[in-house]
Amino acid sequence: MCSYIFDRDPAGLEFAEALGAAAARGVQVRVLLDDIGAHYSFWPMDWTLKKKGVRTARFLPVFSMRSVHLMNLRLHRKLLIVDGRTAFTGGMNIRQGNRLSTAPKRAIRDVQFRVQGPVVGGLQDVFVEDWGYSTREVLQGEDWYPKEIPSAGKMICRPVVDGPDSHMETVRLLLQGAAASARKSLLICTPYFLPDPILTAALNVAALRGVRVQVLVPEHNNLPWCHWAMQGSIQELVKNGCEVYFAPGDFDHSKLFVVDQTWSLFGSSNWDERSMRLNFELNVECYDPELATHLSRRISERLLLSRRVGLAELESLSFFVRVRDGFARLFVPYL
């Protein structure tokens with residue numbers, strides 16, 4: 001399992017108990033955490049996991065001479081693989097706020113996917129590479145890779161790996177190509193919408209040639225400066241016909257992208273430069289009209305409850321707000 005954030009709260013401790021119980025009954029367990037993300041909790045979760053017999057490691061330790069110069073790079077991937085046959089991936093961190101049934105103080109809407117079939121082998125390769133880089137341990141053999149993984153359906157899908165290494169800008173090129181090939185619709189759901197000039201141009205061109213471009217973002221972001229920077233940069237998109245909606249209520253951390261109700265992308269990447277250039281990300285692209293239609297319906301239901309941002313609203317913002325938003329935009333490459 002790897003995660004960006006693994007909080008030491010009731011949800012995290014429940015995971016720790018399950019992982020510890022698995023290790024106690026002889027299951028080989030490996031947990032990889034991003035070093036920056038591990039410090040979101042006052043007492044990092046890997047300390048608790050180690051006490052329960054779970055092998056853990058941190059990706060690019062900030063206070064290590066080996067990687068201190070890489071401290072701005074983050075392992076943002078979320079992945080759990082069971083017996084090499086079933087995987088869970090998406091954008092969800094492990095924290096109490098994601099358990100909406102408990103009515104947490106800071107609720108977080110999100111979506112995670114269960115994946116089965118041969119594609120799990122590709123997802124496992126991503127973890128094995130990250131773990132090997134962090135620990136020098138090579139995970140191989142039937143304990144990790146079953147001899148055969150039967151098909152679990154007819155969907156065509158594959159992992160999309162992105163990071164500031166040999167996979168540099170993979171997601172950026174994929175998003176640009178998807179926008180260029182769209183014929184009818186582009187649906188984007190993301191918590192942080194700060195596209196660079198290349199992606200902004202791709203969305204504008206799509207809208208100008210008649211594709212309906214709809215972007216759903218939270219009305220109240222958990223990082224206010226990200227909202228300020230976004231508000232200062234979407235005017236060009238709105239002017240060219242792209243529809244931007246602010247979703248009310250709980251902070252929505254979902255990351256979904258659907259093209260023409262045929263192709264869909266889900267995973268850990270946000271629509272911002274940090275995801276495109278600095279983070280190690282993991283997504284899954286799927287060619288399947290049934291899944292794409294389901295995700296489109298999910299996003300459309302949220303759009304009906306959301307407020308569309310108009311050009312007049314953006315142009316009428318006060319001088320102070322414009323200066324604040326413009327200043328926040330200066331830090332877009334690192335937000």
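At 2% relative accessibility, Arg77 counts as buried, a class defined by a relative accessible area under 20%, with exposed meaning over 50% and partly exposed in between (1.4 Å probe, protein chains only). The structure is a predicted model, in which local features need pLDDT of at least 70 and side-chain atom pairs count only at pLDDT 80 or more, while totals for chains, interfaces and linings use all residues. Residues are numbered from 1 along each chain as its sequence is written, and side-chain values use heavy atoms, with hydrogens and water left out.

Arg77 forms a salt bridge with Asp130, and the closest N and O atoms are 2.6 Å apart. A salt bridge is defined as a side-chain nitrogen of Lys or Arg within 4 Å of a carboxyl oxygen of Asp or Glu. Because Asp130 lies in helix 4 and Arg77 in the loop between strand 4 (74-75) and strand 5, the pair ties together parts that are 53 residues apart in sequence. Helices (H or I, at least four residues) and strands (E, at least two) are DSSP runs, numbered from the N terminus. Asp130 is also buried, with 6% relative accessibility.

A search of the whole structure finds 19 salt bridges. Another of them joins the side chains of Asp46 and Arg58, at 2.7 Å from N to O. This pair links distant parts of the chain, with Asp46 in helix 3 and Arg58 in strand 3 (residues 55-59), twelve residues apart. Asp46 is buried, with a relative accessible area of 3%, and Arg58 counts as buried at 19%.

The side chains of Arg277 and Glu169 also meet in a salt bridge, at 2.6 Å from N to O. Arg277 lies in helix 9 (residues 273-278) and Glu169 in the loop between strand 9 (156-162) and helix 5 (170-181), so the pair ties together parts that are 108 residues apart in sequence. Arg277 counts as partly exposed at 35% relative accessibility, as does Glu169 at 23%. Salt bridges that share partners join Glu169, Arg172, Asp196 and Arg277 into one network.

Helix 3 (residues 45-51) also contains Trp47. Trp47 is partly exposed, with a relative accessible area of 43%. Together with Phe42 and Trp43, Trp47 forms a nonpolar patch on the surface, with about 440 Å² of accessible area in total. Patches are made of residues with over 30% relative accessible area and no salt bridge, where like charges are joined within 9 Å and nonpolar side chains (Val, Leu, Ile, Met, Phe, Trp, Tyr) within 5 Å. The areas come from the Shrake-Rupley method with a 1.4 Å probe, and for residues only the protein chains shown count as cover.

Pockets and cavities were then examined. On a 1 Å grid over the protein atoms alone, a cavity is a set of points where a 1.4 Å probe fits but cannot get out, and a pocket is an open set with protein on both sides within 12 Å along at least five of seven lines; lining residues have an atom within 4 Å of a point. Grid points are joined across faces, edges and corners, and a volume is the space filled by probe spheres set on the points.

The largest pocket has a volume of about 840 Å³. Its lining consists of 32 residues, and Ile5, Tyr40, Arg95, Tyr192 and Asn222 lie nearest the centre. By class, this lining has twelve nonpolar, eleven polar and nine charged residues; Ala, Val, Leu, Ile, Met, Phe, Trp, Tyr, Cys and Pro count as nonpolar, Asp, Glu, Lys and Arg as charged, and the others, Gly among them, as polar.

The second largest pocket has a volume of about 500 Å³. It is lined by 23 residues, of which Val27, Gln28, Ile81, Val82 and Asp83 are the closest to its centre. At least two lining residues come from each of helix 1 (10-24), strand 5 (79-82) and helix 4 (119-135). The lining of the second largest pocket has 16 nonpolar, three polar and four charged residues.

One cavity of 30 Å³ or more is counted. About 90 Å³ of space lies in the largest cavity. Among its 13 lining residues, Lys255, Phe257, Leu265, Ser269 and Trp271 lie nearest the centre. Strand 15 gives the most to this lining, with three residues. The lining of the largest cavity has eight nonpolar, four polar and one charged residues.
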